Amino acid sequence: MKCRVCRQPAVIDVRRHNANFCEEHFVRLCRDQVVKAIEAFEMLSPGDRVLVAVSGGKDSLALWDILLALGYEVDGLYLGLGIGDYSEGSGHHAREFAAARGLRLLEVDLRSEHGFGIPDGSRAANRPPCSACGLSKRHLFDRAAREGDYDALATGHNLDDEAAVLFGNVLRWEGEYLARQMPVLPAGNGFPRKVKPLVRLGERETAAYCVLRGIDYQVEECPMAAGNRHLGYKAALNAVEAQSPGTRHAFYFGFLDRAADLFRSQMAEVDQGLGTCATCGSPANGEVCAFCRLVDRATGDRGPTHDAAVGRVPVRLESRRDDGVPG
Ligand code: Q46
Ligand code: ZN
Ligand code: ZN
């Protein structure tokens, strides 16, 4: 097995590209794929200040490393979800990565700052954990990017994630979600610009990138993911990809090229009528935003915000489920 570029012994095969690579050229391939995505979708401009949502897993740490190598000014943001050992481990990996490189890592802790962790809060609010978690992440990431005046918020969603979310949304013809399933969403309505620079890399590649770069990441998956639909969609696409390498890429990028525009009008409809949350100042459908309503329910607070707004507004409209993954 020889590297396609230099003919030296290869360390990894990438079936989608029908090629093998040595360490140096694989690392270069990953960075080139990120550059390609950034340029094709005009995600970032040179000199942008970027905030990366860091979970301590392979994707977000690979993303942070690659954006730094490409010369962007990048800080990290870690959100403590209060999910026992999993959160302990993920926080540890995020902090280690930042400390070893002298990087700035912002931290928000759901339990100490908002009074609940995902397992207990979702139970109290009677919401599936990944739904409460996704809503909390979107809200707190957006808020941190806005308050820190970053040019963009970057997340580590990779090709496998995005294709699986697309698959789920297509199976149910979720027009609003399909309208938002772009690798870049412009700033506006109080939301920061959001970018997904890893959409041209699969998760096997981000894992290999971390190993080759000596990045120690959290391998353990979140225990709350077990049995969720997203994993089922991923498994289904893995089976198709194993039979026919390149199908996942063709499915996702074919959608972006040929179908995404058909759903755009639904995005505009959803964005109309967004106001400002009376409690926290974030964008909101109604008086109080979905996150503040979640906090009320998760902490059992039956104060005025709860009485005024809980249950009145369908959370799905405001929640802009644009980052796809259950989290
Ligand atoms: S962290 Fe959160 Fe994920 Fe855990 S609770 Fe679900 S959404 S699975 S990526
Ligand atoms: Zn090589
Ligand atoms: Zn709010």
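The buried residues of helix H3 pack against strand S3 (49-54), helix H2 (58-69), strand S4 (73-80) and strand S5 (105-109). The model is predicted. Tyr86, Ser87, Gly89, Ser90, Gly91, His93, Ala94, Phe97 and Ala98 are the buried residues in H3. The helix covers residues 84-101, and its 18 residues should span 26 Å at 1.5 Å a residue. The C-alpha atoms at its ends are 27 Å apart, which agrees. Just after H3, Gly102 adopts a positive phi of about 65 degrees.

In soluble globular proteins, nonpolar side chains tend to be buried together. Here the largest nonpolar core holds 62 residues. Phe26, Leu44, Val52, Trp64 and Leu67 touch the most other members. Helix H1 (residues 23-40) gives the most to this core, contributing seven residues. Beyond its neighbours within four places in sequence, Phe26 contacts Ile12, Val14, Phe21, Glu205, Ala208, Tyr209 and Leu212. A second core is separate and has 32 residues, including Ala53, Leu81, Leu110 and Ala132.

The zinc ion (ligand 3) has four cysteine SG atoms as its protein donors: those of Cys277, Cys280, Cys289 and Cys292. They lie 2.3 Å from the ion. Along the sequence, the donor residues follow the spacing C-x2-C-x8-C-x2-C. The four donor atoms subtend angles of 106 to 113 degrees around the zinc ion, so the arrangement is tetrahedral. For four tetrahedral donors, the ideal angle at a metal is 109.5 degrees. Cys277 is buried, because its relative accessible area of 4% falls under 20%. Cys280 has a relative accessible area of 26% and is partly exposed.

Note on methods. Residues are numbered from 1 along each chain as its sequence is written. Chains are lettered from A and ligands numbered from 1 in the order in which they are written. This is a predicted model: local features need pLDDT of at least 70, side-chain atom pairs count only at pLDDT 80 or more; totals for chains, interfaces and linings use all residues. Side-chain values use heavy atoms; hydrogens and water are left out. A nonpolar core is a set of buried Ala, Val, Leu, Ile, Met, Phe, Trp, Tyr and Cys residues joined through side-chain atoms within 4.5 Å. Buried means under 20% relative accessible area, exposed over 50%, partly exposed in between (1.4 Å probe, protein chains only). Helices (H or I, at least four residues) and strands (E, at least two) are DSSP runs, numbered from the N terminus. Contact means heavy atoms within 4.5 Å. Donors are N, O and S atoms within 2.8 Å of the metal (3.2 Å for Na, K and Ca); water is not among the atoms, so sites may look incomplete. Four donors count as tetrahedral if all angles lie between 85 and 135 degrees; four count as square planar and six as octahedral if opposite donors are over 155 degrees apart and all others between 65 and 115; anything else is irregular. The expected span of a helix is 1.5 Å times one less than its number of residues.
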